[in-house]
Amino acid sequence: MRGMDDHAKPMAAGQEDPAHPRRIRSFVVRAGRMGTGQVRALQKLGPQFVLPFSPGAVDWDSVFGRRAPRILEIGFGMGQATAAIAQARPDVDFIGVEVHEPGVGALLKLIGQHDLRNIRILQHDAVEVLEQMVWPAALAGVHIFFPDPWHKKRHHKRRLIQPALVSLLASRLEPGGVLHCATDWAPYAQQMREVLSAEPTLQNTAGPEREGYAQRPDYRPLTKFEQRGLRLGHGVWDLVFLKRANLPSRPMP
Ligand SMILES: C[S@@+](CC[C@H](N)C(=O)[O-])C[C@H]1O[C@@H](n2cnc3c(N)ncnc32)[C@H](O)[C@@H]1O
């Protein structure tokens, strides 16, 4: 596809790429119960705010009806942080990606309650969205808040923050763009710090005096779950990395 890099070889629907066998997913789609408000929001607002997964370069300016900095969030859960941040930053557009349908309904409900215009939702694997619907250097930011920690060792391969995904994320960020992750699971925080620090195109905003972890930026609201954890003395770690500017251009393949 024109202009897309190695991370984005589009495949025809249903076709399996022999070079990239079926991938390990970072999620399991659970059958969740939808509340009536969520169902109603899905029916009423879904057509306007939920985009279909359609491989190919998307004209995000026409999707949002304007040109604005764009932040993509992986796994918005029930969407509270997404909605709060989008409400506080009307000058920025947000692409929320989540596979869990009740979460999609919940965020749509918040969109309706707060009359938010700067969010669009994809109910799909965010890795495929990034690979196939987002141009390189198209994003001003990526948010990954409390990704599933996959506690058991045999499940660690399902964790989102792995070198290949981080390299893909970095490729989608514009120079100076922000990758913000947060977790409440200490071993995952360490893994995040190691993997993000090893990506040569990213730079940590936090120094050794904070052991490489950032102070929670004001824009990220504390979730109820997080507030409870903090009351119980559990830790939360934010990691904020910037896409380096002035990188040497990649050699042509
Ligand atoms: C532990 S929850 C955290 C939700 C939310 N960010 C929060 O802070 O409450 C992680 C969410 O990520 C979603 N998720 C995991 N991998 C994903 C992927 N590859 N694409 C889209 N959503 C994903 C899961 O469905 C789940 O809802």
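**Figure 1. Aspartate 93 and its salt bridge in the predicted model.** In this predicted model, aspartate 93 has a relative accessibility of 1% and therefore counts as buried, the limit being under 20%. Its salt-bridge partner is arginine 66, with 2.6 Å between the closest N and O atoms. The pair links distant parts of the chain, 27 residues apart. Aspartate 93 belongs to strand 3 (residues 93-97), while arginine 66 sits in the loop between helix 2 (60-64) and strand 2 (70-74). Arginine 66 has a relative accessible area of 31% and is partly exposed.

**Figure 2. Aspartate 61 and two arginines.** Side chains of opposite charge can pair when their charged atoms come close. Aspartate 61 forms a salt bridge with arginine 67, where the closest N and O atoms are 2.7 Å apart. A salt bridge also joins aspartate 61 to arginine 70, again with an N to O distance of 2.7 Å. Which of these arginines is buried and which is exposed? Arginine 67 has 73% relative accessibility and counts as exposed because the value is over 50%. Arginine 70 has 9% relative accessibility and counts as buried because the value is under 20%.

**Figure 3. A salt-bridge network.** Five residues, Arg23, Arg25, Asp125, Glu128 and Glu131, are linked in a network of salt bridges. The count of salt bridges in the model comes to ten.

**Figure 4. Strand 4 and its neighbours.** Strand 1 (residues 50-51) runs parallel to strand 4, and two bridges join them. Here valine 50 stands opposite isoleucine 121 of strand 4. Strand 3 also runs parallel to strand 4, and four bridges join these two. Phenylalanine 94 stands opposite isoleucine 119 in strand 4, and glycine 96 has isoleucine 121 of strand 4 as its bridge partner.

Figure 5. What covers the picture in strand 4 (residues 119-122), buried or exposed side chains? Ile119 and Ile121 lie on one side, Arg120 and Leu122 lie on the other, and all are buried. Both faces of the strand are covered.

**Figure 6. The β-α-β unit.** Strand 3, helix 4 (residues 101-114) and strand 4 make up a β-α-β unit. The unit is right-handed.

**Figure 7. Packing of helix 1 on helix 4.** Two packed helices are described by the angle between their axes and the distance between the axes. For helix 1 (residues 36-49) and helix 4 the angle is about 75° and the axes are 8 Å apart. The two helices are therefore roughly perpendicular to each other, a term that applies from 65 to 115 degrees. On the helix 1 side, the contact is made by Gly37, Gln38, Ala41, Leu42, Leu45, Gly46 and Phe49. On the helix 4 side, the contact residues are Glu101, Pro102, Val104, Gly105, Ala106, Leu108, Lys109, Ile111 and Gly112.

**Figure 8. Surroundings of alanine 126.** Alanine 126 is in helix 5 (residues 126-133). With 6% relative accessibility, alanine 126 counts as buried. Leaving aside residues up to four places away in sequence, alanine 126 touches Ile74 and Val97. The C-alpha atoms of alanine 126 and valine 99 are separated by 8.3 Å, and the two residues are 27 residues apart along the chain.

Figure 9. Phenylalanine 146 lies in the loop between strand 5 (139-145) and helix 6 (163-172). Although not a glycine, phenylalanine 146 has a positive phi of about 55°. Tryptophan 150 is found in the loop between strand 5 and helix 6, and its phi is positive at about 45° although it is not a glycine. Tryptophan 150 has 17% relative accessibility and counts as buried because this is under 20%.

Methods:
Residues numbered from 1 in each chain as written. Predicted model: local features only at pLDDT ≥ 70, side-chain atom pairs only at ≥ 80, totals over all residues. Heavy atoms only, no water. Salt bridge = Lys/Arg side-chain N within 4 Å of Asp/Glu carboxyl O. Buried < 20%, exposed > 50% of the residue type's maximum accessible area, 1.4 Å probe, protein only. Pairing = 2+ DSSP bridges. Right-handed = clockwise from strand over helix to strand, strands pointing away. Contact = heavy atoms within 4.5 Å. Axes fitted to C-alpha atoms, helices over the stretch in contact; angles between N-to-C directions. Parallel < 35°, antiparallel > 145°, perpendicular 65-115°, else oblique.
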